[in-house]
Each structure stands twice: as structure tokens, then as C-alpha cells.
Amino acid sequence: MSLKLENLTAELGAFRLDGISLELAPGSFFALMGPTGAGKSVLLEALAGLVPLRRGEIYAGGRRLTHLPPERRGISLVYQDYALFPHLSVLENIRYGLRFHPEKKNRARLDELVDRLNLSSLLSRRPETLSGGERQRTALARALVVEPEILLLDEPLSALDPAFRQEIQLHLRELHAAGSATFLLVTHDFTEALVLARAAAVMDRGRLVQSGAIEDIFRRPATAMVAEFVGMKNLFPAEFHDAAARVADLTIELGRRAEPLKRYLAIRPEDLILSRRPLAASLRNAFVGRVTARRGCGFFFELDLAVGALVFTALITSQALVELNPQIGDQLVVSFKATAVHLL
């Protein structure tokens, strides 16, 4: 089912959603991203009919939803804190939404979800006896048993530890692939969005600042805010002249002329190549830097290198760390291709 938002504006206390327009393809898995406080959850609740609109329209498959109560919109919402009823069993929680949709009391659908989400041994238990992953699986089953056309997921993984997070990611992918519903996932974790979604939008302070294919947002952020959000840690104000950029006391080769009105230069940390000696490769940019910091990031490591007045951040594998063995104060060569430089 397609989902179309036209100029949605809503107010919740001092917060304002301002002119949100967005379109989701039928059956897509779409991620709505942004920092805490951007308005992502308010937007989901407005779509579900829980926050009134000041203006704007909502359509699903061409059907106007704006005037409909929540139970008639064909939309289910899963919250990050599960919102399970503590006095009901797992089975009773799953069945709860069916009281508003008696036409969808399909025992086969319920059994399918219980089996797919591995809930059969938990049906008689109360929520307080469940792990975080078990609670989230129960919340997913409750949302999907009414066969919604659109499933809204409000940071469903943020409260889970890593093992449960991977488990729920797998279930979400399988549930999406097995049905026809459109999934709209809210997250402030860009890595999570990369794993699950193919298209996305970024919000900031109640507005949409960029939307499109998730790879485009990852590689070609439209603003400095989006660049920082997607992990482009090498983001510098720059002046552009012909096919080069002046950044502090460095001249960086771009390999093309900068478009008018560009103000920043950005390079992803994984696109920086570190070496002990200059590389005999076709890299347009190479600078000698001094290691000022190193940080572990799971299976990867971040290194900060001072190059003149700038500090570059590089992301390298644990194997590269062992091979380079960089120590604080060591000199390394920082190299990168002109094509790795993004202008915004």
C-alpha cells in the first residue's frame, strides 16, 4: 500500500511539525531518521490518528485517511517500550486489537505469526516475565494480526541489547518479505536504517531535510546536519577555486569544478587511507599527519590525525590497526581519492 503525506503540520505543546510532504512506494521498507527531538515519533502518531493535524492530508493507496479515526486507517503502530498490557497474557495481548476488527479474526493468521515469531511457548505468560526481545516480538504480533496495510515502527530496537536487536532485525526483514504491508521505521541509528531499509528521509526540528534512496543519503548528504548524522566526521568549511578547495591551510584536489553555493567539504572516515609511506597510487590527495587519538568501535578503530590546522578522523579495521600499529604522536600519511570528497 502506498502512503502519501501532503504538507502535514501539527503542534504538540511547544513542538511543531512543519509542512511534511513524503511519498512511500507500495510494500516498501522506509526509514525515517533524525536526532532525538526531530519530531519522528510525533509524525508517526499523526499518521496513526493520535495527534491532530493543523493542516495537510494523508492518503494510503489513494484513499484519504486524514478524517478517519485510528481504528479505521489500516495502520498499526509499534512503540519502542512495547506498550503491552501487564494484566494480560501474551496471547491476550496479541488478540487485543482484534476486538476493534472482528472481521479479521483469522485463526490461521494468528497461528502463522505465533509460529514465525517463536511465541508458541510464551502464550500463557505475562509481559513482566518476558525478555526485551520476547516483548518486542509480542508487540509485533499484536500489530500484525489485524493485517494492517501500513506498519509504523517507533524505534523498536532502541531498548534492546545487541543480541536481541539482531534477532528483531531478522524478524522484521522476514515479516516484511512475507507480506504486502508498507513498513515505516523510525530510528536515530543510521546503521539500523542501512540494514533494514532501501529508502529513507531525515528529519530535523520538525522538518524534512532530505529524502531518497538510503545509499544517496549515506554518500551524498544534502546539508551539514545530514552529513554529521550519517557519520561524515570529516566535515569542514571550505572555499572553492576551480577544481580545488582551500580548507584551513590545505589545498584539496577535487577533480571537478565545485557547483555554485557550495560551502562545505566532507569525506567519510572509511574513505581515508592510512600508510607509513606515500602510496604509489592514483590518489589525488596525500598529507602527512600526526596521530592524536585512537578509539575502539567494535571490530573497527577510529584514529584522529592532525594535519596542519585540521583534524581528520579515519576508520580502519582491527587487522589494519595491527599492521600499522599506530601510536599517539606517530606520523602517518593520510590519502584519499578526489571522488571521495563530497561538496555541500
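Let's start with Asp 18, which sits in strand E2 (residues 15-24); strands here are DSSP runs of E, at least two residues, numbered from the N terminus. This is a predicted model, where local features need pLDDT of at least 70, side-chain atom pairs count only at pLDDT 80 or more, and totals for chains, interfaces and linings use all residues. Residues are numbered from 1 along each chain as its sequence is written, and side-chain values use heavy atoms, leaving out hydrogens and water.

Asp 18 is partly exposed, at 23% relative accessible area (between 20% and 50%, 1.4 Å probe, protein chains only). Beyond residues up to four places away in sequence, Asp 18 touches Leu 8, Thr 9, Gly 206 and Arg 207, contact meaning heavy atoms within 4.5 Å. Leu 8 is 10 residues from Asp 18 in sequence and 6.7 Å away in space, C-alpha to C-alpha.

Now for the domains, whose bounds come from an automatic or database domain assignment.

| Item | Value |
|---|---|
| Domain 1 | residues 3-222 |
| Domain 2 | residues 232-343 |

Their C-alpha centres lie 38 Å apart, and 4 residues of domain 1 contact 5 residues of domain 2. About 410 Å² is buried between them, with carbon and sulfur atoms giving 49%; this is accessible area (1.4 Å probe) lost on putting the two parts together, summed over both. In domain 1, Phe 218, Arg 219 and Pro 221 lose the most area to domain 2, together 91% of what that side buries.

Between the domains there is 1 salt bridge (a side-chain nitrogen of Lys or Arg within 4 Å of a carboxyl oxygen of Asp or Glu). Arg 219 and Asp 271 pair through their side chains in a salt bridge, at 2.9 Å from N to O.

Definitions and conventions:
Helices (H or I, at least four residues) and strands (E, at least two) are DSSP runs, numbered from the N terminus.
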